[in-house]
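Please look through the sequence and the model shown below before reading on.

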Amino acid sequence: MRPEQHDREYVLGHSGQEQERLRLQASIVGGWTEGFFKAAGIDRGMSVLDLGCGLGDVSLLASEMVGPSGSVTGIDKDPAVIEKARERCHAQGHSAPIDLIHGDLMDYYSEHRHFDAVVGRYILLYQPDPVAAIQHVLKSVRSGGIVCFHEMDFANPIRGFPSDTLFAKSFVLVGETFARAGLRGDFGLHLTTTFMQAGLPWPQLKAEVPIGGEAGSYLYIWLIETLRSLLPRMESLGVTTAAELDLDTLAERIEAESTTFHAELFGPLQVGAWSRKVA
Ligand SMILES: C[S@@+](CC[C@H](N)C(=O)[O-])C[C@H]1O[C@@H](n2cnc3c(N)ncnc32)[C@H](O)[C@@H]1O
């Protein structure tokens with residue numbers, strides 16, 4: 001395995017803590033994903049393929065949107081998260097049937113199945129060749145079917161007030177770690193070119209911006225848990241150390257500073273892009 005491939009796969013790790021972080025993140029960004037899917041035309045009765053489904057949050061969301069007459073298939077290459085996703089879907093119940101498959105999206109193809117829509121959240125940035133990934137999954141989408149992806153840009157932090165906060169200094173480390181690991185933390189800015197290169201029509205786009213700074217803002221815990229997942233890679237890539245970060249007190253310190261200065265802090269830009277497969 002090439003070092004760059006290793007980093008691509010393991011930058012956030014596979015720990016139980018990372019699974020918790022994914023669930024926290026899903027609860028923060030889920031409304032934005034739903035907005036992108038609605039605007040893209042995801043509707044009752046549709047069959048949806050969810051790429052890189054992780055713990056199943058996007059599959060569960062799509063299941064509610066398509067209802068009992070629709071269906072959802074989720075695919076993920078991490079066997080541990082697929083197992084957890086199956087347990088969650090079973091325990092919590094869902095509207096449309098959800099089929100969760102363990103495997104790499106590049107190996108997935110069903111001759112007899114053509115989905116009404118293919119979706120994915122925070123998945124394209126991890127692909128060695130995102131254009132080839134879209135072209136491959138398009139084979140499993142019907143003509144006129146929807147293609148909708150939700151990505152973000154954490155490589156270009158949005159300037160807040162004050163501009164040089166502890167939040168801002170800590171947030172930069174996320175982009176730095178992904179960059180050193182050979183991953184594009186700004187993938188949300190590359191959706192149009194990726195769609196066009198994959199042969200899709202120019203996509204429609206929508207962006208959302210997380211903002212906060214008040215006591216108890218979700219921005220603090222989201223950032224701290226992301227840094228916690230990244231810590232082993234940050235240390236091995238020489239970005240920072242556990243001692244420098246002091247994660248156990250970081251949220252408290254960020255919050256104290258933000259509330260003192262009545263700060264406005266921005267999280268990563270969220271970008272939705274959607275288009276339809278041409279005949
Ligand atoms: C950041 S997580 C996002 C999970 C989920 N989409 C969400 O937003 O909650 C990315 C997921 O994509 C999966 N993944 C990455 N590349 C993949 C591939 N080529 N085929 C299948 N799954 C992939 C990883 O295993 C991981 O679970």
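Predicted model: local features only at pLDDT ≥ 70, side-chain atom pairs only at ≥ 80, totals over all residues.

**A polar pair and its surroundings**

The side chains of D116 and R142 make a polar contact with each other at 2.8 Å.

**D116 and S47**

- D116 has its place in strand β4, which covers residues 115-121, and with a relative accessible area of 16% D116 counts as buried, because buried means under 20%.
- S47 is found in strand β1, made of residues 47-51, and at 10% relative accessibility S47 counts as buried.
- When neighbours within four places in sequence are left aside, the contacts of S47 are S71, R113, H114, F115, D116 and A117.

**The nonpolar core**

- The largest nonpolar core has 81 residues, and the members that touch the most other members are I42, V48, L51, F149, F178 and L227.
- Helix α8, residues 218-236, gives this core its largest share, which is 9 residues.
- In soluble globular proteins, nonpolar side chains tend to be buried together.
- L51, one of the core members named above, touches I75, L105, V118, V119, G120, R121, I123, V137 and F149, again not counting residues up to four places away in sequence.

**V174 in helix α6**

- V174 lies in helix α6, which runs over residues 166-180, and with 4% relative accessibility V174 counts as buried.
- Beyond its neighbours within four places in sequence, V174 is in contact with F154, L223, T226, L227 and L230, and among these L227 is also one of the core residues that touch the most other members.
- V174 and I28 are 146 residues apart in sequence, while the distance between their C-alpha atoms in space is 18 Å.

**The ligand and its shell**

- The ligand is surrounded by 15 residues, of which G52, D76, L105, R121 and Q127 are the closest.
- By class, the residues of this shell are 6 nonpolar, 4 polar and 5 charged.
- Where nitrogen atoms of the ligand are concerned, a polar side-chain atom of D104 lies 3.1 Å from one, and an N or O atom in the side chain of Q127 is 3.0 Å from a nitrogen atom of the ligand.
- The ligand taken alone exposes 600 Å², and the protein buries 93% of that area.
- L105 and R121, which are among the closest residues to the ligand, are also among the residues that L51 touches.

**D153 in strand β5**

- D153 has its place in strand β5, and a relative accessible area of 5% makes D153 a buried residue.
- The side chain of D153 reaches the backbone nitrogen of A155 at a distance of 2.9 Å.
- Not counting residues up to four places away in sequence, D153 touches G185, D186, L189, P268 and L269.
- D153 and L247 are 94 residues apart along the chain, and their C-alpha atoms are separated by 23 Å.

**Backbone details in the loops**

- The peptide bond that leads from F161 to P162 is cis, with omega near -10 degrees, and P162 is found in the loop between β5, residues 141-153, and α6.
- Y122, a residue other than glycine, has a positive phi near 50 degrees, and Y122 is found in the loop between β4 and α5, the latter being residues 130-138.
- H262 also has a positive phi, of about 50 degrees, although H262 is not a glycine, and its place is the loop between α10, residues 247-261, and β8, residues 265-266.

Notes. Residues numbered from 1 in each chain as written. Heavy atoms only, no water. Helix = DSSP H or I, 4+ residues; strand = E, 2+ residues; numbered from the N terminus. Buried < 20%, exposed > 50% of the residue type's maximum accessible area, 1.4 Å probe, protein only. Contact = heavy atoms within 4.5 Å. Core = buried A, V, L, I, M, F, W, Y, C linked by side-chain atoms within 4.5 Å. Near = heavy atom within 4 Å. Polar contact = N/O pair within 3.5 Å; in protein donor to acceptor, adjacent residues only side chain to side chain. Areas by Shrake-Rupley, 256 points an atom, 1.4 Å probe, with all protein chains shown as cover. Nonpolar A, V, L, I, M, F, W, Y, C, P; charged D, E, K, R; others polar.
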